[in-house]
Amino acid sequence: MERLMRAFMRASNHQRPQVSRNGRDSLVSFAQRLVRTPSLSTQEGEVALAVQEELARLGVGGAWVDRVGNVVVRIGNEAGPTLLFNAHMDTVAVTDSGAWEHDPLGGVVKNGVLYGLGATDMKGAVAAMVYAAGLLQPYADALRGNAVFAFVVQEEPCEGMAMRVLVEEEGVRPAWVVLGEPTDLQVSRGHRGRVMLKVTTFGRSSHGSQPEQGDNAVYSAARLIFGVEMMAGTLGNDPVLGPGTVALTQISSRSASLNAVPDQCTFYLDRRLTLGETPSGALMQVEALIARENIQATAEITRYCGQSYTGYACEVEEAFPRLGAGRGSPARRPVPAQRGARARPPAAHHALGFLDRRRVHGGRRQHPHGGLWSRRPEPRPHHARTGAGQGPVARC
Ligand SMILES: [Zn+2]
């Protein structure tokens, strides 16, 4: 963060800001406070308040909470181009706190590493960006452009929604975007897209003692699931973004009782999209599988419904575009060329991401974007066996 801020200042031909030792200590304390403050998606209010308080304490004025609950502050010359720093305030839920070596809400620092839910993803980045804003504030008048720090909501269940509100409804138009997602401080450019698919198979119920009279919807689902597993090895690949992937993430069935043949089975597929793959193409692959197996089933792209802590309600299709990595796209250019035109739609914004995972451990879970950052796969931290589940997610 410091390095990036220095570069920004160099562009402004001004001296470089430094973080003092005291500043580092209070930054770590603030990161601990954030980890200790629960902030499930749609319940980020308390963390939003903490962010505002810390910004004010650091002398950064003018922060506002937008309609969806993002905390936003702009520093510098509004007439110039905007460099936007983005960090999300929400986390997923803890499903089994006993599986954590450290209390997920404890915010413990041990041997220079901060442990806790969201420490990596991405309260460490929230804290770093709040302090970066504090560092930058004294130089606001010297900037050619402006930096916008956006601490956003509901990223875990619906990435991009809060940024859409910021860009399309709040009028913030960044030329560059830096995401604080964990990448071991390696610059990673672009990320895969995502689409959530819901597949439902239909059968006929019968008494469990006479299964031959029914049509077991779970058996039909099992055939499709096997097909999905086979499909996984045939998906697209890209040297920058990595492979397209598919993961079955949830399954449930409907039956009148434990001695009745289920007449319906539903499962969800988390499909990550690499170069050349699209949400509609991913849906068509599953539809083709259903047709090939000649199974009575439907496949659809799910919709996310959520109401933010400020009361902003949204409903969006859970299909999120891939960013970058096309031929000649910013993901394939050298890092210093990361520049885009102003006022582009959000999908066209150039995004960088970084956070040092060696200093923050957030639990066992891989990043929900499933290898969002293309440079390297996320290692599985050794200190926790299991832990985090999805927060309060509503599907329409
Ligand atoms: Zn994240």
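In this predicted model, the contact between helix α6 (residues 217–232) and helix α7 (residues 279–293) brings Arg223, Leu224, Gly227, Val228 and Met231 of α6 against Gln285, Leu289, Ile290 and Glu293 of α7, two residues being in contact if their C-beta atoms, placed from the backbone, lie within 7 Å. Helices (H or I, at least four residues) and strands (E, at least two) are DSSP runs, numbered from the N terminus. The residues of the contact of α6 with α7 divide into five nonpolar, two polar and two charged, where Ala, Val, Leu, Ile, Met, Phe, Trp, Tyr, Cys and Pro count as nonpolar, Asp, Glu, Lys and Arg as charged, and the others, Gly among them, as polar. The axes of α6 and α7 are 10 Å apart, and the two helices pack at an angle of about 130°, which means that α6 is oblique to α7. Axes here are lines fitted to C-alpha atoms, for helices over the stretch in contact, with angles running from 0 to 180 degrees between N-to-C directions; angles under 35 degrees count as roughly parallel, over 145 as roughly antiparallel, 65 to 115 as roughly perpendicular and the rest as oblique. The crossing of α6 and α7 is right-handed, a crossing being left-handed if the near helix is turned anticlockwise from the far one by less than a right angle, and right-handed if clockwise.

Residues are numbered from 1 along each chain as its sequence is written. Because the model is predicted, local features need pLDDT of at least 70 and side-chain atom pairs count only at pLDDT 80 or more, whereas totals for chains, interfaces and linings use all residues.

A cis peptide bond, with omega of about -5°, joins aspartate 121 and methionine 122, and methionine 122 lies in α4.

Among the strands, which pair if DSSP finds at least two bridges between them, β1 (residues 64–65) and β2 (residues 71–76) are antiparallel over two bridges, with valine 65 standing opposite valine 71. Five residues separate the strands of this hairpin, where glycine 69 takes a positive phi near 110°. Strand β2 also pairs in the antiparallel sense with β7 (residues 146–152), over six bridges, and alanine 147 of β7 is the bridge partner of isoleucine 75. Asparagine 111, although not a glycine, has a positive phi of about 50° and is found in the loop between β5 (108–110) and β6 (113–115).

The chain averages a pLDDT of 83, and 77% of the residues score at least 70, pLDDT being the predictor's confidence in each residue, from 0 to 100. Over residues 327–354, pLDDT stays under 50, and the model has 58 contacts beyond four places in sequence for that stretch; over residues 362–392, where pLDDT likewise stays under 50, the model has 90 such contacts.
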